[in-house]
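This report covers a predicted model.

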Amino acid sequence: MFILFFILWMILNSRITLEVILFGIAVSGAGCLFAGKLLGYRFSWDKRLLKNLPLLILYLLILIREIVMASLMVMKEAFSPQGGPDPVIVEFDTEFKTGFQNVLLANSITLTPGTYTLLQQDNHFVVHCLRASYAEGIEESVFVKLLRKFSLS
């Protein structure tokens, strides 16, 4: 968090001088202390984030790829003369115990065109799919497989 605060400080100042750097270190440190004391932020979260950073970057790249592929599929459906949507609602549960994994999965499903997370309570999901074929294997999607690899301890 300190690094993010410091980077934000440097971007907002738009110049690099010794004074800006030293003051940025002090302000970033104060922001971290504020987040820790008043907002309940735990610094162990930074360690977990850094440990999972390569997976998060891979997850983001795969999410972008899936968004593009799903956009093309939905666009093909929209311009197809033979049929409209064949919506289906799917319910499934995941084995994820943390809110981070469940919320990340729910948002990934919603960001992917053709699917929308209607309800996510703990590890129970209700998803609307534009076509029944979009729902096939949703509980074992590439997102679920990647989220299993996250180390949250």
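## Aromatic pairs

Counting ring pairs whose centres lie within 6.5 Å, the model has six aromatic pairs. One of them joins Tyr59 and Phe143, with 5.5 Å from centre to centre and 50° between the planes, and is classed as tilted.

Tyr59 and Phe143 are both buried. Together with Phe100 and Phe150, Tyr59 and Phe143 make up one aromatic cluster.

## Helix 1

Helix 1 spans residues 2–13, twelve residues in total. The distance from its first C-alpha to its last is 16 Å, close to the 16 Å expected at 1.5 Å a residue. Just after helix 1, Ser14 adopts a positive phi of about 55°.

## Packing of helix 1 on helix 2

Helix 2 covers residues 18–37, and helix 1 packs against it at an angle of about 135° with the axes 9 Å apart. Angles count as roughly antiparallel only over 145 degrees and as roughly perpendicular from 65 to 115; helix 1 and helix 2 are therefore oblique to each other. The crossing of helix 1 past helix 2 is right-handed.

On the helix 1 side, the contacts involve Phe2, Phe5, Phe6, Trp9, Met10 and Asn13.

Technical notes
Residues are numbered from 1 along each chain as its sequence is written. This is a predicted model: local features need pLDDT of at least 70, side-chain atom pairs count only at pLDDT 80 or more; totals for chains, interfaces and linings use all residues. Side-chain values use heavy atoms; hydrogens and water are left out. Rings of Phe, Tyr and Trp (its six-membered ring) pair if their centres lie within 6.5 Å; planes under 30 degrees apart count as stacked, over 60 as edge-to-face and the rest as tilted. Buried means under 20% relative accessible area, exposed over 50%, partly exposed in between (1.4 Å probe, protein chains only). Helices (H or I, at least four residues) and strands (E, at least two) are DSSP runs, numbered from the N terminus. The expected span of a helix is 1.5 Å times one less than its number of residues. Axes are lines fitted to C-alpha atoms, for helices over the stretch in contact, and angles run from 0 to 180 degrees between N-to-C directions. Angles under 35 degrees count as roughly parallel, over 145 as roughly antiparallel, 65 to 115 as roughly perpendicular and the rest as oblique. A crossing is left-handed if the near helix is turned anticlockwise from the far one by less than a right angle, and right-handed if clockwise. Contact means heavy atoms within 4.5 Å.
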